[in-house]
Amino acid sequence: VWRGGCTFIQKILRLEAAGAVGVIVINSEHSLVAMSAGSTTDSVHIPAVLVSSAGGELLDCLLQHGAPLRVSLAPASSAMGPENLSKFSSQGPTLDGRIKPDLVATGENVFSARPLGP
């Protein structure tokens, strides 16, 4: 389904109610965006992923020509570790002996799903 017309969560909830077992949202713009649930308290019970406009156009073309497609979503593994800090993070110890960063959280390149094949 193409991005636009309503929020991500509204789109996914409508498709789930219609019987979808998963949702691929195709970005309608060439810029990167983050797919978020917004401020709703409704829960989605099916997997959903946002793909680039180029990737979505390819999927759309394949479907238009009747190509059989099989999509699998799996949690992405991350090669990130404590030695890999975001560029905007400070590192310590500081001159006065404090350890930095003093708050650790996921900061960038967060992947919730990845393709399993080409």
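**A walk through the predicted model**

Let's start at Cys6, which is partly exposed with a relative accessible area of 24%. Another cysteine, Cys61, also counts as partly exposed, at 40% relative accessibility. If you are wondering about disulfides, the count comes to zero.

Before going further, keep in mind that this is a predicted model. The average pLDDT of the protein is 76, and 61% of the residues score at least 70. Among the elements, helix 1 has the highest mean pLDDT, at 91, while strand 2 (residues 48–51) has the lowest, at 86.

The largest nonpolar core has five residues: Phe8, Ile12, Val23, Val25 and Ile46. Helix 1 (8–17) and strand 1 (23–26) are the elements that each give two or more residues to this core. As a general pattern, nonpolar side chains in soluble globular proteins tend to be buried together.

Next come the charged side chains. How many salt bridges does a search of the whole structure find? The search finds one, and the partners are Arg3 and Glu29, whose side chains meet at 3.8 Å, N to O. Arg3 sits in the segment before helix 1, whereas Glu29 belongs to the loop between strand 1 and strand 2, so the pair ties together parts that are 26 residues apart in sequence. Both partners are partly exposed: Arg3 has a relative accessible area of 23%, and Glu29 has one of 40%.

After helix 2 comes Gly66, with a positive phi near 75°.

While you are at helix 2, have a look at Glu57, which is found in this helix. Is Glu57 buried or partly exposed? At 43% relative accessibility, Glu57 counts as partly exposed. Leaving aside residues up to four places away in sequence, Glu57 touches Trp2 and Ile26. Ile26 is 31 residues from Glu57 along the chain, yet the C-alpha atoms of the two are separated by 7.9 Å. Ile26 also brings us back to strand 1, which covers residues 23–26 and contributes to the core described above.

Technical notes
Residues numbered from 1 in each chain as written. Predicted model: local features only at pLDDT ≥ 70, side-chain atom pairs only at ≥ 80, totals over all residues. Heavy atoms only, no water. Core = buried A, V, L, I, M, F, W, Y, C linked by side-chain atoms within 4.5 Å. Buried < 20%, exposed > 50% of the residue type's maximum accessible area, 1.4 Å probe, protein only. Helix = DSSP H or I, 4+ residues; strand = E, 2+ residues; numbered from the N terminus. pLDDT = per-residue confidence, 0-100. Disulfide = S-S within 2.5 Å. Salt bridge = Lys/Arg side-chain N within 4 Å of Asp/Glu carboxyl O. Contact = heavy atoms within 4.5 Å.
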